[in-house]
Amino acid sequence: MFIGHYAVALAAKKAAPKPSLGTLLISAQFLDLLFPILALLGVEHVRPDPGNTAFTPYDFYDYPISHSLLTSIAWSIAFGLVYFAIRRDRKGSWVLGICVLSHWILDAISHGPDMPIAPGLSAYVGLGLWNSVPATVAVEGAMFLVGVILYARTTTAKDRTGTYAFWGLIAFLALVYAANAINREPASESAMGIVGLAALIIIFWAFWIDRHRSVIVATDLPKENAKPSSV
Ligand SMILES: [Zn+2]
């Protein structure tokens, strides 16, 4: 899954207003940030395989540290604990931990049966949403729309940057996703580098957006919308 993970991060802002959108993105994409590092180190492996599923031309045949259920649970607990140690935000820590784990669940829905249960176990799952491009785009597109609406309704722009940087990122993600959905060829190594760089830019972009938007709290609502306390 691709923009489905971004959708989770955007929607999570409503559940946990304190963490920056950048931190929420890191959590929802944490397994995919680990994977290229482990692949570069030669610990995990992927190979080009046009037609592996209708949606992706890669065979993810060895990634038990970044993408197994057992390690994902461990990463999610670790992420929540580290955030709590730094920020002392209990709710934020829970939501960030759940975001980390949500990545495995969404990947298990999208991928073919290549998602490991635990390192060293030859048990794999994957419901194969990627076998259908229209179904993948419909599910991820709907998730993305909901995520964008929730984030846009939970926060408000403090200035012009808060508006344009946010909608700019949404347009950028939608364009990249559309290009990704059309492309059936595996990327070259240099293109892989660009993809990695783009993932980092998106995270910094999200931190930048969050600094220019504030969370709408109930007291910001006009008085007439507030319920009388006696009812
Ligand atoms: Zn993944």
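Because the model is predicted, local features need pLDDT of at least 70 and side-chain atom pairs count only at pLDDT 80 or more, while totals for chains, interfaces and linings use all residues. Residues are numbered from 1 along each chain as its sequence is written, and side-chain values use heavy atoms, with hydrogens and water left out.

We begin with the metal. The zinc ion is coordinated by D32 (OD), H67 (NE2), H103 (NE2) and D107 (OD), at 2.0 to 2.2 Å, where donors are N, O and S atoms within 2.8 Å of the metal (3.2 Å for Na, K and Ca), and sites may look incomplete because water is not among the atoms. Along the sequence, these donor residues follow the spacing D-x34-H-x35-H-x3-D. Two of them link distant parts of the chain, since H67 belongs to helix α4 (residues 64-67) and H103 to helix α6 (residues 90-110), 36 residues apart; helices here are DSSP runs of H or I with at least four residues, and strands are runs of E with at least two, numbered from the N terminus. Both H67 and H103 are buried, a word that means under 20% relative accessible area, whereas exposed means over 50% and partly exposed lies in between (1.4 Å probe, protein chains only).

The aromatic rings come next. Rings of Phe, Tyr and Trp (its six-membered ring) pair if their centres lie within 6.5 Å, and planes under 30 degrees apart count as stacked, over 60 as edge-to-face and the rest as tilted. By this rule there are 14 aromatic pairs. One of them joins F2 and Y6 edge-to-face, with 5.7 Å from centre to centre and 90 degrees between the planes. F2 counts as buried because its relative accessibility is 19%, and Y6 counts as buried at 4%. The rings of F55 and Y177 have centres 6.1 Å apart and planes at 35 degrees, so this pair is tilted. Because F55 lies in the loop between β1 (45-48) and β2 (58-62) and Y177 in helix α8 (residues 160-182), the pair ties together parts that are 122 residues apart in sequence. Both F55 and Y177 are buried. Ring pairs link F2, Y6, F35, F55, Y58, F60, Y63, W130 and Y177 into a cluster.

Finally, G141 is placed in helix α7 (residues 133-154) and counts as partly exposed because its relative accessibility is 27%. Its C-alpha atom is separated by 16 Å from that of H103, 38 residues apart along the chain.
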